Amino acid sequence: MEVNKNHIDQHGHLKDRSLWTEHMAIQLAKTDNISLTKAHWQLIKAVQEIYSETGDTPPMRLLIKVLRQKIDESIDSRYLYRLYPEGPVRLASKHAGLPKPKHCM
């Protein structure tokens, strides 16, 4: 399925999470001039898992904690900003098919 204007909200996030596919994630990332790498996919999957467990997009500190436990203890906010310079939590959530985080402007 292709992403179209009916699928996204005013912030560029999917309105219906159940429509999300990896292909859609790639399309959404292209709108942000990002080519998804293995590291991006790890971040996207972590954000989706946290959302499934808590019902909310994660704040940066929780995301870093989870990534350190699952991937690498050296992960920090600088690492996330290298992946997503314009806002790691917001853009990872967008590419994961999740709503805009409440704690992001």
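## Crossing helices

A crossing of two helices is left-handed if the near helix is turned anticlockwise from the far one by less than a right angle, and right-handed if it is turned clockwise. By that rule, α2 passes α3 in a right-handed crossing. The structure here is a predicted model, in which local features need pLDDT of at least 70 and side-chain atom pairs count only at pLDDT 80 or more, while totals for chains, interfaces and linings use all residues. Residues are numbered from 1 along each chain as its sequence is written, and side-chain values use heavy atoms, with hydrogens and water left out.

For α2 and α3 the angle is about 115° and the axes lie 10 Å apart. The axes are lines fitted to C-alpha atoms, for helices over the stretch in contact, and angles run from 0 to 180 degrees between N-to-C directions. On the α2 side the contact (heavy atoms within 4.5 Å) is made by Q42, L43, A46, V47, E49 and I50, and on the α3 side by L62, L63, V66, L67 and K70. Sorted by class, this contact has 8 nonpolar, 1 polar and 2 charged residues. The classes count Ala, Val, Leu, Ile, Met, Phe, Trp, Tyr, Cys and Pro as nonpolar, Asp, Glu, Lys and Arg as charged, and the others, Gly among them, as polar.

## Overall layout

The protein has 5 helices and 0 strands, and from the N terminus on its elements run α-α-α-α-α. These elements are DSSP runs numbered from the N terminus, with helices being H or I of at least four residues and strands being E of at least two.

With 105 residues, a compact globule would have a radius of gyration near 13 Å, and the protein agrees with its 13 Å. That radius is taken over C-alpha atoms, and the globule rule is 2.2 Å times the number of residues to the power 0.38. Along its principal axes, the C-alpha trace spans about 40 × 25 × 25 Å. Of the contacts with a separation of 6 or more, 53% are accounted for by residues 24 or more positions apart.

Buried residues make up 44% of the 105 residues; buried means under 20% relative accessible area, exposed over 50%, and partly exposed in between, with a 1.4 Å probe and protein chains only. A nonpolar core is a set of buried Ala, Val, Leu, Ile, Met, Phe, Trp, Tyr and Cys residues joined through side-chain atoms within 4.5 Å. The largest one here has 29 residues, and L36, L43, L63 and Y84 have the most contacts inside it. The elements giving two or more residues to this core are α1 (22-31), α2 (38-54), α3 (60-70), α4 (77-83) and α5 (88-95). Helix α2 supplies the largest share, 8 residues.

Not counting residues up to four places away in sequence, L83 touches I34, T37, A39, H40 and L43. The C-alpha atoms of L83 and A39 are separated by 7.7 Å, although these residues are 44 apart along the chain.

## The two end helices

Helix α5 is mostly covered, with 7 of its 8 residues buried: P88, V89, L91, A92, S93, K94 and H95. They pack against α1, α2, α3 and α4. Just after α5, G97 takes a positive phi of about 80°.

In α1, the buried residues are M24, A25, Q27, L28 and A29, and what covers them includes α2 and α5. In the segment before α1 sits W20, which is buried with a relative accessible area of 17%. Beyond four places in sequence, W20 is in contact with L14, A25, W41, I44, K45, Q48, H95, A96 and G97.

## A positive phi in a loop

N33 lies in the loop between α1 and α2. Its phi is near 60°, a positive value in a residue other than glycine. Most residues other than glycine have a negative phi. N33 is also exposed, with a relative accessible area of 74%.
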